[in-house]
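Let's take a friendly walk through a protein model, one group of side chains at a time. Have a look at the structure below before reading on.

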Amino acid sequence: MNYITLTDIRDNLITCEQSDVDESNAYVSGLAVRLGVNEADIPSAIPVIVKRLCVVYACYLRCLQLIGTDNLTAFETINQDIYAQKLEFFRLEVNRITNSLCATDFTGKKVAGGSVPLWRG
């Protein structure tokens with residue numbers, strides 16, 4: 001399933017390629033499967049958090065390719081490489097969203113819950 005396209009990515013520094021978008025869509029599709037989400041249950045208007053994860057993951061992938069190509073830094077100071085800095089931001093954001101993602105985020109449907117009465121003896 002395509003959660004995003006190239007036009008969904010708007011970063012002033014990172015210019016993603018179609019391969020980044022394709023891999024990102026595949027990554028998020030894999031997460032959906034792992035959470036037991038049926039693709040037919042995902043609405044055509046992709047939920048914001050799912051779309052955000054896709055965009056951030058695509059940017060993360062592009063930064064992986066660009067580390068070391070920042071002409072404004074010396075290779076001895078990789079910590080100052082702008083792509084390395086952005087990679088760290090995107091990595092943290094991917095982890096944050098991925099770790100909190102659930103089936104409801106994909107479908108928008110509430111999962112029926114219940115309560116169990118507890119009695120003290």
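## A stacked pair of tyrosines

Tyr-27 has a relative accessible area of 25%, so this residue counts as partly exposed, because buried means under 20% and exposed over 50%. Keep in mind that this is a predicted model. Tyr-57, in turn, has a relative accessibility of 14%, so Tyr-57 is classed as buried.

A search of the whole structure turns up four aromatic pairs. In one of them, Tyr-27 and Tyr-57 are stacked, with 4.0 Å from centre to centre and 10° between the planes. Tyr-27 belongs to helix 1 and Tyr-57 to helix 2, so their pairing ties together parts that are 30 residues apart in sequence.

## An edge-to-face pair

Now turn to Tyr-3 and Phe-106. How are their rings arranged? The ring centres are 6.3 Å apart and the planes meet at 65°, so this pair is edge-to-face. It links distant parts of the chain: Tyr-3 sits in the segment before helix 1, while Phe-106 is in helix 4 (residues 103-107), 103 residues apart. Both Tyr-3 and Phe-106 are buried.

Setting aside neighbours within four places in sequence, Phe-106 is in contact with Tyr-3 and with other residues including Val-28, Leu-31, Ile-42, Pro-47 and Leu-101.

In soluble globular proteins, nonpolar side chains tend to be buried together. Here, the largest nonpolar core holds 31 residues, and Tyr-3, Ile-9 and Phe-106 touch the most other members. Which elements give two or more residues to this core? They are helix 1 (18-34), helix 2 (48-66) and helix 3 (82-100). Helix 2 makes the biggest contribution to this core, giving 12 residues.

## Cysteines without a bond

A disulfide is a covalent bond between the sulfur atoms of two cysteines. How many disulfides does the model have? The count comes to zero.

Cys-59 has a relative accessible area of 2%, so Cys-59 is buried. Cys-102 is partly exposed, because its relative accessible area is 33%.

Definitions and conventions:
Residues are numbered from 1 along each chain as its sequence is written. This is a predicted model: local features need pLDDT of at least 70, side-chain atom pairs count only at pLDDT 80 or more; totals for chains, interfaces and linings use all residues. Side-chain values use heavy atoms; hydrogens and water are left out. A nonpolar core is a set of buried Ala, Val, Leu, Ile, Met, Phe, Trp, Tyr and Cys residues joined through side-chain atoms within 4.5 Å. Buried means under 20% relative accessible area, exposed over 50%, partly exposed in between (1.4 Å probe, protein chains only). Helices (H or I, at least four residues) and strands (E, at least two) are DSSP runs, numbered from the N terminus. Contact means heavy atoms within 4.5 Å. Rings of Phe, Tyr and Trp (its six-membered ring) pair if their centres lie within 6.5 Å; planes under 30 degrees apart count as stacked, over 60 as edge-to-face and the rest as tilted. A disulfide is a pair of cysteine sulfur atoms within 2.5 Å.
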